[in-house]
Every structure is written in C-alpha cells, then in structure tokens.
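Trainee: I am new to this one. Please show me the model, and let me ask about the words used for it.

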Amino acid sequence: MKKMQNKTFEKHTLRFVLIMLFLNFVPQIIFAELPDTLAIIGDKIITVDQYLKRFNEKKNETGISDNLEIRKNYLANLVSDELLIAKAKKSGIDKTEESINELKRIQLQELLNSYSEKYVSPQVKVTEEDLKSLYINMNTKLDVSHLYAPSIEKANLLNKSLQEGHSFEELALQNFDDPVLKNNGGSLGFITIDEMDPEFEKVAYSLKVGEISKPVKTVRGYSIIKLNGIKKNPLTTETEYLKIHDKLKALARKREYENVTKAFTKNHADKLQIKFNDSIIEDLFNSTQDNQNIFEVEKALTRNDLNKIIVSSKLGNWDLRLIVNEMKLTTIKMKQWIRTEENLKDFISGLVTRKYIWMEALNEKLDTSNSYKVNVNYGFETYLLGKIEENTKSKIQISSNEIEKYYSENKNYFFIEPEIRLSSILLDNQKKADSVKTLLQSGESFKEMAKKYSMQEETAVFGGDLGYFRIKELDELGKELFALNVGTWVGPYLNEGKYLFLQCTDIKKGEYKTLSDCSQEIEENISSLKWFTLRENFVKELKKEFEVKLFEEKLKKI
C-alpha cells in the first residue's frame with residue numbers, strides 16, 4: 001500500500017514538474033513567434049512598439065543616425081536596463097517606504113499630466129513671430145548682474161538703496177555670501193535663454209543696456225537685474241532660421257506650455273482662496289531647513305504641532321500632519337528650493353492646488369486610461385533603475401593619483417580655446433556700405449562709424465561691440481577673422497541683403513586649465529568610466545540570474 005502511495009506521489013510530482021516546465025517554456029516560444037517581440041528578459045517583454053517609441057525619442061534628443069548596428073546597441077541598452085530593474089525588484093527596492101511613496105508621487109504626477117494634456121495643451125499657441133523672437137534671443141547673449149533678496153521686503157530695500165545712489169558693486173559686497181558674486185558686483189557674465197529662471201529671463205531680455213529692473217520674483221526669491229551688455233551673433237540669417245525651424249517650434253511650444261501651465265495653476269489657486277496661519281508657517285519652515293528629509297521633518301514636530309491648522313481653502317482646513325503627508329509626494333529637488341517662508345507658502349499653495357486638480361482628474365476617471373498606466377509603470381521602473389545604479393555607483397572610489405594621471409594624459413581636453421573680440425557695422429544697402437568703406441579706409445574710427453551708421457541699435461551705442469567669440473562660433477568666417485590683428489577690419493560681407501563690416505578689437509590666447517580648476521570635472525569623468533565598466537560586469541552577472549532572449553533579426557524589418 002505504501003509502495004503504491006509513493007508511486008502515486010511520484011506520478012503527481014512528475015506531472016507538476018512537467019506542467020511548470022511547460023508554463024515556463026511555452027510563453028517564450030509563443031512570444032518569440034509574435035511579430036512584435038524583440039526581447040524577453042525574465043518575465044518582461046520588449047515589443048517593437050515600445051522599442052520604436054524610445055528609439056525615436058532618443059534620435060530626436062541626440063540626433064543619432066539610424067542603422068542596424070545602432071539599433072542593436074540601443075536594444076542591448078534597453079535589455080541591460082531591464083535586467084537592472086528586475087534585480088532591483090528581486091532585491092526588494094520597490095518595497096521600501098521611500099519607493100512606495102515615490103510610486104504614489106508618480107501616480108499623482110501622471111494623473112496631473114493627463115489633466116494638463118486635456119485642459120492646458122489645447123491653450124498652447126505659438127506664432128511665427130514667437131519663433132523669430134526666440135531665434136533672435138538664442139543668438140543673443142546678455143551680460144547681466146543681479147542683486148538677490150530672499151523676500152520682497154528686502155528686495156524693496158535694495159531697490160531703494162539703488163535709487164538713492166548706491167552702486168551695484170557696493171550692494172553686492174554687502175548682501176552676497178558667495179565670494180565670487182560678492183566681489184564682482186553680482187555679475188553672472190554672459191547668459192542666454194534657458195540658463196535662467198523663466199521670469200528672470202523674460203525681464204533680462206526686455207531691458208536696455210545700462211537699465212536696472214525692479215525686483216523680479218523667481219523660484220529662489222527676488223532679483224534686481226542690471227543689463228551690462230549684449231553680444232549678438234552677427235551671422236544669423238533667414239536661411240539658418242529655416243534650417244532649425246522645426247526644432248525652434250518644439251522648443252517654443254515647450255516654453256509656452258510652461259507659461260500656460262503656470263497661469264492655469266495660479267488661476268485655480270486664486271479660486272481656492274488659500275489663507276495661511278503665519279505663526280505655524282515659521283515652525284514648519286525652520287523644520288524644513290534643519291531637515292531636508294521629509295521623514296525627519298515629521299519627527300522634529302510634536303504631536304500637538306502636527307494637529308495645528310496651517311492653511312485653509314475651499315478644500316477645507318489642512319493641519320501640519322496633512323501638509324507633511326502631501327510633501328512626501330514631492331521630489332527632493334522641489335523641497336530644496338524652499339529658502340524663505342514666502343517660498344514655503346508658495347509651495348503649500350501648490351500642494352493645495354495640486355490636490356484640487358488631482359480630485360478633478362479622478363472624477364473624470366483619467367487614471368483608468370491605458371496611457372496613464374503605461375506612464376506610471378515606466379516612471380516607477382525608471383526610478384528603480386536609478387536607485388540600483390545609485391547603490392552600485394556608491395562603491396566607486398577615486399584616488400588623487402588617478403585624478404593627476406587623467407589630467408596629464410588628457411591635458412588637451414582641458415584647453416581653453418582662444419577668443420576674438422569683434423565689433424560690427426551692419427547696413428541695409430550697398431550705397432551706405434560703399435560710403436562707410438571709404439570712410440574706414442581714410443582712417444575714420446570704426447567705433448564712431450558703428451555708432452553713427454549701424455542698424456544694430458543695441459550694439460551701436462557701444463561702438464558695435466559684439467563681445468568674444470571662439471572660432472567654431474563664427475562658422476565659415478572663423479579662420480579669416482582669427483587671422484586679423486587687433487584694430488584691423490574686414491568687409492563688407494553681403495548676406496541676404498545686409499552688408500556687414502567686422503573689426504577685431506582684442507584677442508585672448510588659448511590656455512590650459514589648472515589641475516585644481518578641473519579636478520571635480522576629472523573626478524566625474526573617471527567615475528563615469530568606472531561606472532560603465534562596473535555596470536557592464538554587473539549586467540553580465542545578471543544574465544546568469546535572469547534568462548534573456550533577443551530577436552535582433554526583427555530590427556532589420558522595422
């Protein structure tokens with residue numbers, strides 16, 4: 001009887017094993033036969049559609065070419081990413097309290113994105129004039145200085161001091177902690193679009209040379225801006241504009257989308273009638289400054305504090321406990337810009353508005369769409385990939401000897417290219433060009449001719465000064481212009497109906513950065529190189545842990 005039972009047990013065990021083998025083996029056969037399967041990593045599948053979506057995004061971002069070898073390399077990168085994500089999940093990284101909160105944050109953000117796509121995107125309009133203005137600004141660098149204040153009250157005091165005759169340099173010395181800004185009069189040097197806070201940029205580009213703005217609210221506080229000079233690319237043409245028209249349009253839409261979103265959010269915030277308990281704001285602000293980690297902020301507050309009402313709106317009263325919980329669903333980067341109590345109020349106002357829009361999105365069931373679910377999954381897996389890479393990178397160590405060796409072996413990489421300073425005279429007809437050329441040949445001052453005749457009003461007042469250029473910034477004229485001696489001029493160059501004279505007013509010789517100047521950059525480069533090798537070896541080991549199948553031949557047909 002016992003023997004029969006053993007046989008029956010063995011028979012059932014064998015059947016179970018065969019079933020499990022079948023279940024593990026058959027799906028891979030099925031998926032391999034499906035025309036849209038490119039790779040299988042454990043239980044994860046990369047389809048043709050998924051691959052193409054990411055590959056095309058990468059092409060648009062980086063401008064990489066499209067050939068079979070590049071397609072294979074990109075697929076290999078996706079497979080490596082999936083292996084690391086699978087390891088992160090197997091290691092339980094997705095189950096930590098931080099990861100669970102990050103998933104909630106991603107779900108919330110994707111819901112807000114869906115709502116924005118429905119209600120904000122249709123309001124985004126970009127005209128041809130917008131594109132031309134953006135193109136001009138992209139080819140214009142501004143030499144600016146600024147004075148910073150954490151609050152509007154302090155900004156107004158600075159503004160008052162300027163009106164009373166105090167200089168930018170004097171006030172910068174008194175107000176900046178940063179030693180560079182303190183001693184250079186708050187100079188930021190030459191900057192261009194997308195290098196500044198959007199509000200700072202908008203005001204800076206509206207100023208005339210020498211003009212000083214009123215206090216401008218930025219995400220970090222308030223700035224008073226002074227425009228010291230303008231550097232325009234003298235070689236901008238309609239042809240160049242048309243070449244990058246599509247990229248300009250995409251950039252303009254992105255920038256306008258941000259503007260419309262900001263106005264949309266402010267409109268909702270105003271309707272919610274948000275009011276603060278100022279005495280509690282101070283306590284919370286001090287806690288956020290002492291503890292950037294929001295979990296530590298919560299520990300720093302007493303139970304009695306957590307029950308205090310900090311903000312009221314049409315959504316009701318919110319106590320500190322609710323605010324802290326909402327803050328957990330924001331990024332560290334967002335929390336880091338809370339530098340003043342006013343910043344904190346703006347931040348909390350944003351949390352309240354976000355909650356309202358989130359509730360509206362839920363009412364419209366925007367979280368049930370397939371795109372929402374796909375985006376949430378992609379966002380969370382990208383986070384997990386970042387976490388496991390972060391954990392692995394922490395093992396990298398770099399010695400001072402390695403930094404010195406890298407510097408000596410790659411010194412040319414740290415060479416600062418020579419620069420030429422140019423002044424220009426731009427004219428709109430040949431008769432004027434001939435007259436100016438005759439005057440210049442007779443010894444008339446280039447600077448005075450620029451002031452008197454040049455069409456470029458912003459630079460004409462400074463004798464046509466355009467600032468410094470590197471050879472690659474001057475396109476086909478680079479070699480010819482760099483052959484000029486200081487004080488000599490060339491021209492006119494005829495381009496699309498305009499006549500351009502250029503004069504060399506200064507030359508900066510090229511030089512090498514010192515080791516101390518570039519040690520941080522070198523450390524980052526070495527870290528990246530080590531990380532590449534470390535990641536490659538890690539992925540090789542993971543391929544032993546997770547089964548991987550590739551169907552690269554399908555890349556030829558898509």
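Mentor: Two ground rules come before the questions. This is a predicted model, where local features need pLDDT of at least 70, side-chain atom pairs count only at pLDDT 80 or more, and totals for chains, interfaces and linings use all residues. Residues are numbered from 1 along each chain as its sequence is written, and side-chain values use heavy atoms, with hydrogens and water left out.

Trainee: Why is Glu381 called buried?

Mentor: Buried means under 20% relative accessible area, exposed over 50%, and partly exposed in between (1.4 Å probe, protein chains only). Glu381 has 6%, so the word is buried. Lys89 has 36%, so the word is partly exposed.

Trainee: Which network do Lys89 and Glu381 belong to?

Mentor: Salt bridges link Lys44, Glu82, Lys89 and Glu381 in a network. The whole structure holds 37 salt bridges.

Trainee: What makes Glu419 and Lys508 a salt bridge?

Mentor: Their N to O value is 4.0 Å, and the definition says within 4 Å, so the pair counts. The two sit 89 residues apart, with Glu419 in strand S11 and Lys508 in strand S14 (residues 498-508). Glu419 also forms a salt bridge with Arg470, at 3.6 Å.

Trainee: How do you know that Glu419 is buried?

Mentor: Its relative accessible area is 18%, so Glu419 is buried. Arg470, at 28%, is partly exposed. Lys508, at 39%, is partly exposed too.

Trainee: Which residues form the negative surface patch?

Mentor: Glu128, Glu129, Asp130, Glu238 and Glu496 do. Asp and Glu count as negative, Lys and Arg as positive, and His and the chain ends are not counted. Patch residues have over 30% relative accessible area and no salt bridge, and like charges are joined within 9 Å. Glu128 has 36%, so Glu128 counts as partly exposed. Helix H5 (residues 128-138) gives the largest share of the patch, three residues.

Notes
Patches are made of residues with over 30% relative accessible area and no salt bridge: like charges are joined within 9 Å, nonpolar side chains (Val, Leu, Ile, Met, Phe, Trp, Tyr) within 5 Å. Accessible areas come from the Shrake-Rupley method with a 1.4 Å probe; for residues, only the protein chains shown count as cover. A salt bridge is a side-chain nitrogen of Lys or Arg within 4 Å of a carboxyl oxygen of Asp or Glu. The place of a charge is taken as NZ of Lys, CZ of Arg, CG of Asp or CD of Glu. Helices (H or I, at least four residues) and strands (E, at least two) are DSSP runs, numbered from the N terminus.
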